[in-house]
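Biologist: Please show me the chain and its model. I would like to ask about the packing and then about one position.

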Amino acid sequence: MAEITATSFPSSSSSALALRSSRYGNIRCQNVACLRTTSLFQELSVKRSQLSGNAVATSHVTGTRACKSQAIRAVLSGDGQTVVSAADSKGAGLRGKLKKVVLAYSGGLDTSVIVPWLKENYGCEVVCFTADVGQGIKELDGLEQKAKASGASQLVVKDLTEEFVKDYIFPCLRAGAIYERKYLLGTSMARPVIAKAMVDVAAEVGADAVAHGCTGKGNDQVRFELTFFSLNPELKVVAPWREWEIQGREDAIEYAKKHNVPVPVTKKSIYSRDRNLWHLSHEGDILEDPANEPKKDMYMMSVDPEDAPNQPEYIEIGIESGLPVALNGKALSPATLLSELNTIGGKHGIGRIDMVENRLVGMKSRGVYETPGGTILFAAVQELESLTLDRESIQVKDSLALKYAEMVYAGRWFDPLKESMDAFMEKLTEKTTGSVTLKLYKGSVSVTGRKSPNSLYRQDISSFEGSEIYNQADAAGFIRLYGLPMRVRAMLEKGI
């Protein structure tokens with residue numbers, strides 16, 4: 001169960017009290033409004049994730065009654081009135097009429113501008129949605145104020161970190177899915193879990209449409225929309241970048257000023273980045289020329305291998321039925337395990353990939369990826385399969401992995417074929433249980449040991465010593481039969 005946080009911004013006739021809850025470490029701080037109005041909002045609940053071991057707790061507040069908390073503050077302007085009212089458009093917008101839209105929201109310039117644009121063009125109420133997939137607390141901090149200032153009626157935040165790793169990353173890991181020889185599908189796997197949550201939120205708040213800020217040139221628009229189509233084909237989809245006249249950052253800033261939307265003051269990165277618990281991608285600027293070497297200061301999750309420790313580090317990954325479950329003998333939840341390995345791998349400069357890939361829309365693009373923990377896990381899982389899978393199984397699995405990766409990259413997560421391949425991968429790897437020891441050193445991952453109670457490796461058979469099971473004299477007949485087609489062809493060519 002994902003943790004859900006909803007923040008509503010009531011009309012000027014309603015007062016509200018907000019509860020601020022804090023989470024530490026890799027988790028985030030967020031503002032939670034505890035309120036109910038008579039006509040616009042449903043009761044909101046805060047559910048603690050069962051995955052983190054917390055019981056489910058729900059609190060309801062009517063009128064101006066505050067949540068029971070030690071930290072309470074009012075979301076009010078200086079004159080005692082609420083700063084932002086709910087959507088006040090009654091008629092159709094410039095492009096039509098929608099009742100309520102759930103917007104994938106990051107708090108950046110683009111999504112901040114999309115909020116008033118949706119209200120102006122579709123006469124709708126806008127519910128902002130943010131998914132926590134491990135992108136870091138800095139990207140989640142202050143979203144309440146940003147959404148409110150942009151004109152949203154409600155902010156919903158869901159903690160999807162455990163679901164993301166368990167139900168999206170781990171199936172790809174088990175399948176051995178790698179796109180075009182290098183890419184470990186970090187962004188590709190994150191989009192369907194976010195889009196699925198948006199469909200759920202749309203049902204919860206009674207929305208008739210969803211919207212995203214993806215451009216018309218990239219892959220993400222396809223990944224979001226195929227998920228929407230698969231899970232609720234009745235939802236309308238709005239993609240402003242395919243509709244509006246805004247052409248770039250300066251146009252967006254002008255639009256924001258015109259509609260009194262505060263322009264985010266954060267420094268714009270020269271790179272386009274996407275971060276989650278699995279990876280960090282870098283595109284743009286000098287990377288647009290494939291001949292340019294990435295700058296050393298661009299990387300954020302990993303140190304330069306040249307600067308990594310001069311002493312190697314050995315770790316052991318425990319695996320059950322093809323999925324990692326433990327680090328150095330300690331059982332960990334999926335998200336915690338990955339987070340720990342990101343730290344360890346990053347310290348040793350593990351998981352840097354520089355590649356030119358073929359986008360789904362047809363163009364090539366150059367990207368640099370950092371996937372420290374994921375690189376370690378791929379090495380461990382694939383190595384254990386060398387003990388537990390026979391030759392034919394490995395060959396078929398590897399051939400399907402190519403198609404699996406292609407479908408995930410293309411946004412076909414909920415496609416019946418992909419789901420059928422999941423069933424195959426789960427069955428095939430049910431005996432892939434054991435542990436793998438790896439050596440991490442200056443950007444490299446080396447396997448130094450592997451063991452499994454289901455190992456097909458038999459020392460008494462493989463040894464050069466005598467064996468009752470394998471008689472070396474039997475090889476002569478096997479070779480004659482195995483080589484018969486080549487022998488017949490040679491005889492034909494020589495006229496024998």
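Biologist: Which residues touch the most other members of the largest nonpolar core?
Modeller: This is a predicted model: local features need pLDDT of at least 70, side-chain atom pairs count only at pLDDT 80 or more, and totals for chains, interfaces and linings use all residues. Residues are numbered from 1 along each chain as its sequence is written, and side-chain values use heavy atoms, without hydrogens and water. A nonpolar core is a set of buried Ala, Val, Leu, Ile, Met, Phe, Trp, Tyr and Cys residues joined through side-chain atoms within 4.5 Å, buried being under 20% relative accessible area with a 1.4 Å probe, protein chains only. Of the 72 residues in the largest one, those with the most contacts to other members are Val102 and Ile317.

Biologist: Which helix gives the most to this core, and with how many residues?
Modeller: Helices are DSSP runs of H or I with at least four residues, strands runs of E with at least two, both numbered from the N terminus. The top contributor spans residues 186-205. This is helix α5, with 11 residues.

Biologist: Where does the core lie relative to the domains?
Modeller: Domain bounds come from an automatic or database domain assignment. Domain 1 (100-160 + 187-268) and domain 2 (273-389 + 432-457) both give residues to the core, so its place is between them.

Biologist: Is Ser365 buried or exposed?
Modeller: Ser365 belongs to strand β16, residues 364-370. The relative accessible area of Ser365 is 9%, therefore Ser365 is buried.

Biologist: Which side chain does the side chain of Ser365 join in a polar contact?
Modeller: A polar contact is a pair of N or O atoms within 3.5 Å; within protein, one must be able to donate a hydrogen and the other to accept it, and residues adjacent in sequence count only if both atoms are side-chain atoms. The pair here is 3.3 Å apart, and the partner of Ser365 is Arg359.

How values were computed. Buried means under 20% relative accessible area, exposed over 50%, partly exposed in between (1.4 Å probe, protein chains only).
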